[in-house]
Amino acid sequence: MSFALLFSAFGYGLRHGFDWDHIAALTDISSGERSKKRAFLLSSFYALGHAAVVMVLARAKLIAASNVPQRVDTT
């Protein structure tokens, strides 16, 4: 895997993190909290949960791709 591909994927992931739905979710989570520490903690757990789902789906995709029979995979 090339460095350029990894760098691009990382850049797109960072850009995706600033999409309106993520900003709205973080704002909703943190704006209701009086304690800045608790707001930061809840927002961090939201981000970690999101990252965990992405990692699980990526791993499932990699496993599924390695199990595709050769006659089906024409690339």
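Start by selecting Phe-7: at 55% relative accessibility, this residue counts as exposed. Here, exposed means over 50% relative accessible area, buried means under 20%, and partly exposed is in between, with a 1.4 Å probe and protein chains only. Keep in mind that you are looking at a predicted model, in which local features need pLDDT of at least 70, side-chain atom pairs count only at pLDDT 80 or more, and totals for chains, interfaces and linings use all residues. Residues are numbered from 1 along each chain as its sequence is written, and side-chain values use heavy atoms, leaving out hydrogens and water.

**Next stop: the aromatic pair**

How many aromatic pairs does a search of the whole structure find? The search finds one. Phe-3 and Phe-7 form this pair, which is stacked, with 6.1 Å centre to centre and 25 degrees between the planes. For such pairs, ring centres of Phe, Tyr and Trp (its six-membered ring) lie within 6.5 Å; planes under 30 degrees apart count as stacked, over 60 as edge-to-face and the rest as tilted.

**Zoom out: the whole chain**

Now show the cartoon. Helices (H or I, at least four residues) and strands (E, at least two) are DSSP runs, numbered from the N terminus.

Along the principal axes, the C-alpha atoms fill a box of roughly 60 × 25 × 20 Å. Of the 75 residues, 4% count as buried.

**Into the largest pocket**

Select Gly-13, Leu-14, His-16, Gly-17 and His-50, which lie nearest the centre of the largest pocket among its 13 lining residues. A pocket is an open set of points on a 1 Å grid with protein on both sides within 12 Å along at least five of seven lines, and lining residues have an atom within 4 Å of a point. The volume is about 350 Å³, counted as the space filled by probe spheres set on the points.

Which helices each supply at least two residues of the lining? Colour α1 (3-17), α2 (20-31) and α3 (36-66) to see them. By class, the lining has eight nonpolar, five polar and no charged residues.

Pick Phe-18, in the loop between α1 and α2. Phe-18 counts as exposed, at 66% relative accessibility. Draw a line from its C-alpha atom to that of Ile-29, 11 residues apart along the chain, and the separation is 15 Å.

Move on to Ala-25 in helix α2, partly exposed with a relative accessible area of 21%. Ala-25 and Tyr-46 are 21 residues apart in sequence and 8.7 Å apart in space, C-alpha to C-alpha.

Finish at Ala-51 in helix α3. Ala-51 is partly exposed too, with a relative accessible area of 36%. From Ala-51 back to Ala-25, 26 residues apart along the chain, the C-alpha atoms are separated by 14 Å.

Definitions and conventions. On a 1 Å grid over the protein atoms alone, a cavity is a set of points where a 1.4 Å probe fits but cannot get out, and a pocket is an open set with protein on both sides within 12 Å along at least five of seven lines; lining residues have an atom within 4 Å of a point. Ala, Val, Leu, Ile, Met, Phe, Trp, Tyr, Cys and Pro count as nonpolar, Asp, Glu, Lys and Arg as charged, and the others, Gly among them, as polar.
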